[in-house]
Every structure is written in C-alpha cells, then in structure tokens.
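Work through the exercises below with the model open. Try each task before reading its solution.

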2 protein chains.
Amino acid sequence: MTLSTTPRSTVKRGKKRAVTERSALHEVLDAGLVCHLAVVVDGAPVVLPTGYGRDGDTLYLHGSTGARTLREAGAGVPVSVAVTLLDGIVYARSVFDHSMNYRCAVVHGTAVPVLDPEAKAHALRVLTEHLSPGSWDYARRPSPKELAATAVLALDLAEASVKIRTGPPSDEEEDVATSRAWAGVLPVRTAYGPPEPCPLLAGGTAVPEHVSGRR
Amino acid sequence: MTLSTTPRSTVKRGKKRAVTERSALHEVLDAGLVCHLAVVVDGAPVVLPTGYGRDGDTLYLHGSTGARTLREAGAGVPVSVAVTLLDGIVYARSVFDHSMNYRCAVVHGTAVPVLDPEAKAHALRVLTEHLSPGSWDYARRPSPKELAATAVLALDLAEASVKIRTGPPSDEEEDVATSRAWAGVLPVRTAYGPPEPCPLLAGGTAVPEHVSGRR
C-alpha cells in the first residue's frame, strides 16, 4: 500500500529520499518515541514535543487537558506531526555535501479529541505501550479521575510522507577525483542505559524484564 | 540573563519544569543536532526537521533554495522552532505518572533570509560547525554557486522557552506507600558509532581527529 500524494504530502525536495510504502511510515513511527506537533495559534505556528502511539493507521497524541496547544489541536484544526530519527552525520569532501542520515515521517491532518471513556482507555493503552512496552499490564491503570485529566487526540495517517537518507556522502565527481580528505558517515546510535531505581523504592524490588530487557 | 516571558513563551503547563536562564536555552540548542521548524502554509501548519546552528542569540537554519517550507519561513512570517533531547523513560508506579526525562527549547519569531554573501558564508560556517565541528577548515569550502543554492534563515532567540524534566517518577503518595511495582528511570543515551568510510575513498585515508574523536 502506498502513501497518499496530496500536494502537501508529496515530497518535492530530495525526491530520491522519498519513500512511498505505508510500511515505511509505520516503521518510522514505531521506531520513534517523541513527535513534534505543530498547530496554528492566533495565526502563528506553535511546535512542541509530545508522546504518541500508533494503532493501525491512527496516531494518538496526549497531554494534560489544561495544555492550550493540545486544546487548539483538538478543536478540529489542521495539525502537522513529525517524527525524526537521526542515524548518522555525513562527512563529505565538500562542506556543501555534508548531510545527515535520517528517517522522517510527517503527517498532516485534523486531530480529533477522543472523548468516549472506552476509546480513551484504549488510546492510553496504545500510548503507554509505545512509551514503555509492558507498563500497561504492570503499573496501576488510570483511575476515572486520571482518565478525565488526560486529553487524547486521534490523527488519521491518511496524509503522510516519509523521507529516508542512508549511505555515504554524495560528493561531486570532481571532489571524489581530486580531494584527499576523509569522507564517510559517523553513525548516531541511541541506546538505553542501566535502569535507575526510584529513591523511594523498597529495597530489593527487582527490575522487571520489560524494563531491564528493553532494547 | 533570563528568557523573555511573552504570553506565547511563558510555560503554562508543568511550570516546575520551566527554566528561565538564557544559558539553559543555549545549552539545549548546542546539545541538539536536529530542530523541528513549523511554519504556516495555506493556513495549515507544516513541521519539518532541519539542521541549525547558533551564534550568540541568533539561530541559523538552512536548506535548499527550492524548498517551499524554507521559502515560506523566510518571507517574514512567524515560525516556531523546537529542539528536543530525550534523556530517559520514566517508569512510575501508575500508568498516569509515566513520563519522559527531556530537555526542550522552543523559539518563536520571524525568520529573516540571510542574503549578503559574507553574512551567508558566516552563517554556513556556524551551521557546518554545529553539524560537524572541524569540517569547515577540513573540507572544501562552498563555491559561489553552492552558496547561491543554499537558503539560510536567521531567527532571533529573543522569544524562547526551555522545559527540562529530570529525576525519578512523581508518583502519588498513596502509590508510593502501597505499590510493590518497580519504578525508576531508563536512561536514553545517544552516542557515535565507529566512522564508516565512503566506499570511494582512496585506501589508507586516515580518519581525522575531528571525526574519530567526536563525543
């Protein structure tokens, strides 16, 4: 299944980096942890980072019901959401051809608030299992009061684009032939460090497998 | 020096996480590599990742002169730029108190195109030295043609906010007292892997110190 090609979601720059498979969109969204949500407030753009989770072709976003940006985003106005993964710094023979290796998904659409309690609980489960797989069944589930204090938005993935850059620098032929400079990629890697227990934790509380085994 | 407190840049949610020192803004911007730029196009927000660099209280952004978002952003319209660093996954005793440790800077303002060749070369040096410190003096400098093909925007850091979350989960007292669940932080760490030479590189070309020694 290929991604939509509305004017807004058609990649115009760097077409060779555009990816049109829907599976690629899902992979980038599933690999990220933070998205950047943009919304228009009083005519000006406001961008902020937030958590998210994906269920099929629905992206869930959440935050406090008091957060203005999230309120605006859920009022039926257009939003734009980006998830970007940085994979490497591309050192070219020329400054001009320096670049980054990355995977990026951008979604456009209208965010809809999730209000039905059952649908909201489902969305929170999706959000929780994206942020911290295993936590929904391990930690205390949200109370009705906590559910009410959480704003959840749903965004359809119908209109989206994916750009991916991989591989070595794309230097000019002349630079490759004449330059004696080193060129290549410095990979950027993200990994989890050793779990740091909460200081209020009772001594001897074991780190559960869904935390210690997370990769 | 403290950050401005216009209505837009005053942190309303999670005030305890707001940081008002200008040095904190600089630190977050200097620690990141990718920013997310939001601009309004045809009434709808568009967010995309891009490289940046900071010189004093000026943020430089760049891209191809053919990129529509960058053209729009440089036409004297308001933009919003966010740089977010994810530091850890916060596992709480309750699902509701799960969170992330992060550092985030958000800048609001009007991006101005940098057109003067000397000023543009300076901005490109700042951008290059942010992406790949050492490359400006090591790689081939931009030709006049390459300079002309690069769009550079300058954004004043006058209106900005910083939010930082650190430390263990903030569980409800009752959960701390009664839960037997593990709680704590799983640190997220970003590091550079071993340099991968370009396949077209002449054998025996040494990896320069500014690449091999980058931390």
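**Exercise 1. Describe the fold of chain A by its helices, strands and burial.**

Step 1. Count the elements: chain A has seven helices and 11 strands. Both are DSSP runs numbered from the N terminus, helices being H or I with at least four residues and strands E with at least two.

Step 2. Note the source. This is a predicted model: local features need pLDDT of at least 70, side-chain atom pairs count only at pLDDT 80 or more, and totals for chains, interfaces and linings use all residues. Residues are numbered from 1 along each chain as its sequence is written, while chains are lettered from A and ligands numbered from 1 in the order in which they are written.

Step 3. Check burial: 39% of the 215 residues of chain A count as buried (20 or more other C-beta atoms within 10 Å of the residue's own, with C-beta atoms placed from the backbone).

**Exercise 2. Characterise the contact between chains A and B.**

Step 1. Chain A gives 81 residues and chain B gives 81 residues (contact: C-beta atoms, placed from the backbone, within 7 Å).

Step 2. On the chain A side, 53 are nonpolar, 17 polar and 11 charged.

Step 3. Strand E11 (residues 196-197) of chain A runs antiparallel to strand E10 (residues 184-192) of chain B, joined by two bridges. Pro197(A) has Gly184(B) as its bridge partner.

**Exercise 3. Which rotation superposes chain A on chain B?**

Step 1. The rotation is 180°, with 0.0 Å of shift along its axis and RMSD 0.0 Å.

Step 2. The C-alpha of Thr190(A) is the nearest to the axis in chain A, at 2.2 Å.

Notes
Buried ≥ 20, exposed ≤ 12 C-beta atoms within 10 Å, placed from the backbone. Contact = placed C-beta atoms within 7 Å. Nonpolar A, V, L, I, M, F, W, Y, C, P; charged D, E, K, R; others polar. Pairing = 2+ DSSP bridges. Least-squares fit on C-alpha atoms with pLDDT ≥ 70 in both.
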